[in-house]
Amino acid sequence: MDMSVKKTSVNAAWRGLANCRGCGIRDSALFADLTEPDFNLIHLPIDEMTVTPGAALYHVGDEPAALYTVRGGLVKLVQYLPNGGQRIVRLLRTGDTAGLEAALGEPYRHTAIAIHPVLTCRIPRAVIQRLSEETQHLHQQLMRRWHQAVERADAFLVELGTGSARARVARLFLTLVDDRGECDFFGREDVGAVLGITTETASRVVAELKRQGLLEELRPNRFRCDVTALRDLADGP
């Protein structure tokens, strides 16, 4: 793998200051519990930005300047292996928070890269520090986020890292599918890095599921899923 990816800067379109009070996902985001007086404690800008696929929000080992709330799109958290390969250890979607370690002043433990176009709010660490010191609302939400992150990491390892390649691919589709039975998928190299299988195996399994009618490709990497059949496959060995 070309390790220069680790140094790619954020390719972002800045959209100005975020409207946290009127945010459409506020109930599921980091600031869900903040009250009106709490917002008056925020004196640094929280910027809304879009990040293009393949660009990084931050890199492993970077100084923790900010946390990021994902408002749309899909982010992968990547660990790089000694042999130059990579392993995707988690996927972040709408409402998730990237870079939680910044709240403790610790360097980022992963590289966070946009898979799809990502809309995110960049929250400076100083904002988190002040709110944590002066209101219990954010502190409690941060604790919930840490707990969720640990639970999801465990589930990610068990659900997507065990079983046959076919079962793992089925579980990945079920993780991403929406209420309409559709999902935006991604490149097979990333699929392999998520599931711990080769790119070739990922391509073969997806092709097999398409031939068998479990997946219908509506456009490149946009699928309609037979959710019932995928669940049966996911429950298998």
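**Pocket and core**

A: Begin with the pocket: helix H3 gives the largest share of the lining of the largest pocket, 8 residues. This is a predicted model, in which local features need pLDDT of at least 70 and side-chain atom pairs count only at pLDDT 80 or more, while totals for chains, interfaces and linings use all residues. Residues are numbered from 1 along each chain as its sequence is written, and side-chain values use heavy atoms, with hydrogens and water left out.

Q: What is the volume of the largest pocket, and how many residues line the pocket?

A: A pocket is an open set of points on a 1 Å grid over the protein atoms alone, where a 1.4 Å probe fits, with protein on both sides within 12 Å along at least five of seven lines; lining residues have an atom within 4 Å of a point. Here the volume, the space filled by probe spheres set on the points, is about 470 Å³. The lining has 24 residues, and Val89, Arg90, His110, Ala149 and Ala153 lie nearest the centre.

Q: Which elements give two or more residues to the lining of the largest pocket?

A: They are strands S5 (75-80), S6 (86-92) and S7 (97-98), and helix H3 (136-161). Helices (H or I, at least four residues) and strands (E, at least two) are DSSP runs, numbered from the N terminus.

Q: Which residues touch the most other members in the largest nonpolar core?

A: In soluble globular proteins, nonpolar side chains tend to be buried together. A nonpolar core is a set of buried Ala, Val, Leu, Ile, Met, Phe, Trp, Tyr and Cys residues joined through side-chain atoms within 4.5 Å; buried means under 20% relative accessible area (1.4 Å probe, protein chains only). In this core of 34 residues, Leu91, Leu172, Phe173, Phe186 and Val194 touch the most other members. Helix H4 gives the most to the core, with 5 residues.

Q: How do S5 and S6 run?

A: Two strands pair if DSSP finds at least two bridges between them. S5 and S6 run antiparallel, joined by 6 bridges, and Lys76 stands opposite Leu91 in S6. Of the 7 residues of S6, 5 are buried.

Note on methods: Buried means under 20% relative accessible area, exposed over 50%, partly exposed in between (1.4 Å probe, protein chains only).
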